[in-house]
Amino acid sequence: MRTRDNRFWIQGLPSFRLSRRDFLRALGAGALIGLGPIVEACSPGTSQPAVTPETETPQRGGNLTVQLTADPESLDPHVTTHLWASRTLQMIHDTLVVLDFDGTIKPGLAESWEISPDGLVYTFRLRRGVRFHSGKSFTAADVKYSFERWKTTPRSPTAYNIDQVTAVETPDDYTVVIRLSQPFVLLLDNLSIGWASILNREAVERLGQNYGATGADGTGPFKFVEWTRNQRLILERNPDYTWGPKIFSNHGPAYVDRVEFRIIPEEGTRVAEFEAGNIDILSDVPGVEVFRLEKSANVSVVKYDQLQTAYIGLKTSDPILRDVRVRRALNHATNKEEIISSVRYGLAIPALGVLHPKTWGYWKGIEQAAYKFDPERAKQLLEEAGWRPGPDGIRQKDGQRLKLNHITTDTQAAKLQAQVVQEQWRRVGVELEIRSMESAAFFAALRAGEHQTFAISVFYSNADVLYFYFHSRQRPAPNRFDWADPKTDGLLERSRSTLDETQRLQIYEELQRIVHENALWVPLTHDVGVVGVSRRTGGVKVHPSNWLYKFLDIYVKTGQR
């Protein structure tokens, strides 16, 4: 709701500030859903989970239909950062360790582990009796293959998570030794994310480039059945799964027989299907519908905290955008409060920089340094950059119009946000040409460098999102800003190996200052997560970084199958 001073707040959401101990103990890489345009996964949040009250003992059986706003880009964990890919591939695959709901690292496929005193050697003892869906036994060789493939996959956008790994050794079938080039405080956390899934080499080699598209073979609670692009992804229960992490009440098999993910980007369609009972879980409740659905007796709405930033990315190598004065002008031309009220329906707060204020490492100086909404200052900067108003109000320079393309997804919220920004920038003399496309095409266009500006929402729990986005090795994706700066690279590398907290804070603050002063993007909002749940669905507990993590505790209520 909106208060009288025109600021927005959400009543009843728990605090999720990270302590220094939690930061060192419980950070990593994953994602959460939001209300913004398109989303991708970077690092997990550690807020308190949101739950729905339970009134009965879960029983096995029944099917669930779950709405997704966008098609998963791929179920191959090494080639994507797409949010829905991370959500669904973790149902099919498992990881060595898992991130608990309280932000601590717990056993997964590894029953235990030891870390050498110098922090350079990690020894994992693996769980026995685990099998892939194909029936093949899980061994240390699968871990070695998976991590070596992850590290060497060309242009993998997530391989940076194991940069420090120099060797993976297998003394026996149930022991894995990982050696590092230097201490790395985030290693265990990075091994809990979906991108660290353990794969079956035989299945990967059999399917080749089609792995994760026409099939997948994991050790997870659900098996791949069918995927019709932009329509539906179907998974069925793995009846042999009994090694579920102890962070769940149910260790397997899963309660539900089958999960069908339906891809429905249109807000009106998905809400209508949800209220008609054709969808059990609504992944993104449109902001305009939240208040009304909260009053419904037939469904429930769950809100939850998340560390997230929605932003407009700027390609700094573009002939127009390489001038920092233009990038700063776009920041001053953007009215975030208007976006919050007209697009987010109050379910957000303005973003000042890269990080949410409750992220460990947040630079408080951004609160004074942030670009304020100031159209006159935007016009002044454009004048200084040589862009003068043309006959129709759009600025020109050397016969060229100040025209930028804007790539976004084809969801209603994304298109509405783009239109709002388009009008705001036009007022200062910038023409924005909107190109909306479905999710897979959107990411493909960004990888191909077809953009000048684009809109994305990213989820994280730590300042390592700075490395994810701004290290030069992350080009062309996820560093779609095409930012390559030796000073930035050096600071990012130090941020991952420096154990002293005070020094790490200083490094993170300097990195945020660099991003701000160079106006690499236009930060927009920090959004509240909202999921819709039908009355026939029980066991819904939103994981702070992994959404409805593995669906192990979710069930269909008795008499509602």
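Predicted model: local features only at pLDDT ≥ 70, side-chain atom pairs only at ≥ 80, totals over all residues.
Residues are numbered from 1 along each chain as its sequence is written, and side-chain values use heavy atoms, with hydrogens and water left out.

Student: Is glutamine 452 buried or exposed?
Tutor: Glutamine 452 lies in the loop between α13 (439-447) and β22 (453-459); helices (H or I, at least four residues) and strands (E, at least two) are DSSP runs, numbered from the N terminus. Buried means under 20% relative accessible area, exposed over 50%, and partly exposed in between (1.4 Å probe, protein chains only). The relative accessibility of glutamine 452 is 14%, so this residue is buried.

Student: Which residues is glutamine 452 in contact with, leaving aside its neighbours within four places in sequence?
Tutor: Contact means heavy atoms within 4.5 Å. With those sequence neighbours set aside, the contacts of glutamine 452 are Gly313, Leu314, Lys315, Asp318, Ile320, Leu321, Lys403, Leu404 and Asn405.

Student: Within what arc do the buried residues of α12 fall?
Tutor: The buried residues in α12 are Ala413, Ala414, Gln417, Ala418, Val420, Val421, Gln424 and Trp425. The arc is taken from the directions from the helix axis to the C-beta atoms. Seen down the axis, these buried residues line one face of the helix, because they fall within an arc of 165 degrees.

Student: How many salt bridges are there?
Tutor: Side chains of opposite charge can pair when their charged atoms come close. A salt bridge is a side-chain nitrogen of Lys or Arg within 4 Å of a carboxyl oxygen of Asp or Glu. By this rule the count is 32.

Student: What is the distance between the closest N and O atoms of arginine 262 and glutamate 273?
Tutor: Arginine 262 and glutamate 273 are both buried. Their side chains form a salt bridge, and the closest N and O atoms are apart by 2.8 Å.

Student: Which residue forms a salt bridge with aspartate 464?
Tutor: Aspartate 464 is buried, at a relative accessible area of 3%. The closest N and O atoms of the pair are 3.0 Å apart, and the partner is arginine 496.

Student: Where in the chain is that partner, arginine 496?
Tutor: The pair links distant parts of the chain, 32 residues apart. Aspartate 464 is in the loop between β22 and α14 (465-470), and arginine 496 is in helix α15 (residues 486-497).
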